[in-house]
Amino acid sequence: MTAAGDPGDERLGRVFLGRVIEPGDEVGGRWVRKFGVAEVVRRLRCGGEPLPGVSGTRWSGLLARAGRAEPERDLGLARAAGARFLCPGDSEWPRQLDDLGDARPVGLWVRGRPSLRMWALRSVAVVGARACTGYGTHVAATLASDLAERGWVVVSGGAYGIDGAAHRGALAARGATVAVLACGVDRPYPRGHTALLERIAEQGLLVGELPPGDHPTPSRFILRNRVIAALTRGTVVVEAARRSGSLATARAAQRLGRFTMGVPGPVTSALSAGVHELLRDEATLVTDAADVVELVGDMGDLAPARRGPVLPRDLLEPAARTVLAALPGNRAAPAGEIALGAGTTPDEVIARLYELRALGYVERHGDGWKLTRQAMTSVRDGHRPR
């Protein structure tokens, strides 16, 4: 059996390092970049000269981890769970992860049939609060479903709340979704999402840096977020309190030059306070999938123009709208007075008034003209004649 320190087997060496070095450890990433996988593995395996940048206490801890690492066993457990291990340079490796520099994963465990590299090329992260509101759940599910229907891959963290809603929305549309986990891809977490994660593994992809059987910790959740940000073209935050971990994903996306977006919520909701703060900085406000695709999509993927409902009054000729606007709101007025307000002749006003009467906007009172109840109702509702 090939030894983990064999320079000819970088894959086995990276599996070994995944057991020893924590995700996102830039010191460990720097070791790999400067000395190569084989040399880093050799020193950790043999307890040789400490690598630079760590204290004696930490080096001892790394050596203890190295003594318990069994990369061949990890690969066997992954195969049994239907998972594979990707290394930088593999044909399936998403090259955008290289933007993380020394914080790039030493490797990724992937469970599911599709190609991670191909899916990541057209993907959007949808993240947010675990303890979300009904509003947040609805928005996340609808947004993810619409993105999936447009051919986009929805990436999230598999957690309760917004993450789960986003995954379910994409699955409901028979679309593509990826869950980036803070634990082994063979270990469903949270337990309440076991069925959801199994469905994602069948229809999409489960991705993680940690080896089979490894458990999540608070720091691993935060570090996992950098992978979500790096994999995707942009990150949408649906609901997030000021200290929400999902904001770490958005900030990582900003650092990496990815698009950062936020869905606004009620100003009275603490669960939207973090999103609003994000929007005050450099994030872009989005309300639906069309807004998102306009940012992250190809040239020409423009969101439709937004406008209010078309009222019958909007279909009037400009001259008729001008005369309608010149009528007083509380009394009848003679044609001459209306002509002064409209800036035209009495004859022109009379012609337009008869036209407006036929359409139900004005009525005649002796020698004067007055707005009808229909027109007055529109004014009270805030739709003043234009």
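1. The structure is a predicted model, in which local features need pLDDT of at least 70 and side-chain atom pairs count only at pLDDT 80 or more, while totals for chains, interfaces and linings use all residues. Residues are numbered from 1 along each chain as its sequence is written, and side-chain values use heavy atoms, with hydrogens and water left out.

2. Helices (H or I, at least four residues) and strands (E, at least two) are DSSP runs numbered from the N terminus, and two strands pair if DSSP finds at least two bridges between them. Here 9 strands make up an open sheet of mixed pairing, in the order β1-β2-β6-β5-β4-β3-β7-β8-β9. Its edge strands, β1 (83-86) and β9 (284-285), each pair on one side only.

3. Within this sheet, strands β5 (residues 177-181) and β6 (residues 205-208) run parallel and are joined by 4 bridges, with V180 standing opposite V207 in β6.

4. How do helices α14 (residues 318-326) and α15 (residues 335-342) pack? Their angle is about 115° and their axes are 8 Å apart, where axes are lines fitted to C-alpha atoms, for helices over the stretch in contact, and angles run from 0 to 180 degrees between N-to-C directions. The helices α14 and α15 are therefore roughly perpendicular to each other. Their contact (heavy atoms within 4.5 Å) is made by T322, V323 and A326 of α14 together with I338, G341 and A342 of α15.

Terms used: Parallel < 35°, antiparallel > 145°, perpendicular 65-115°, else oblique.
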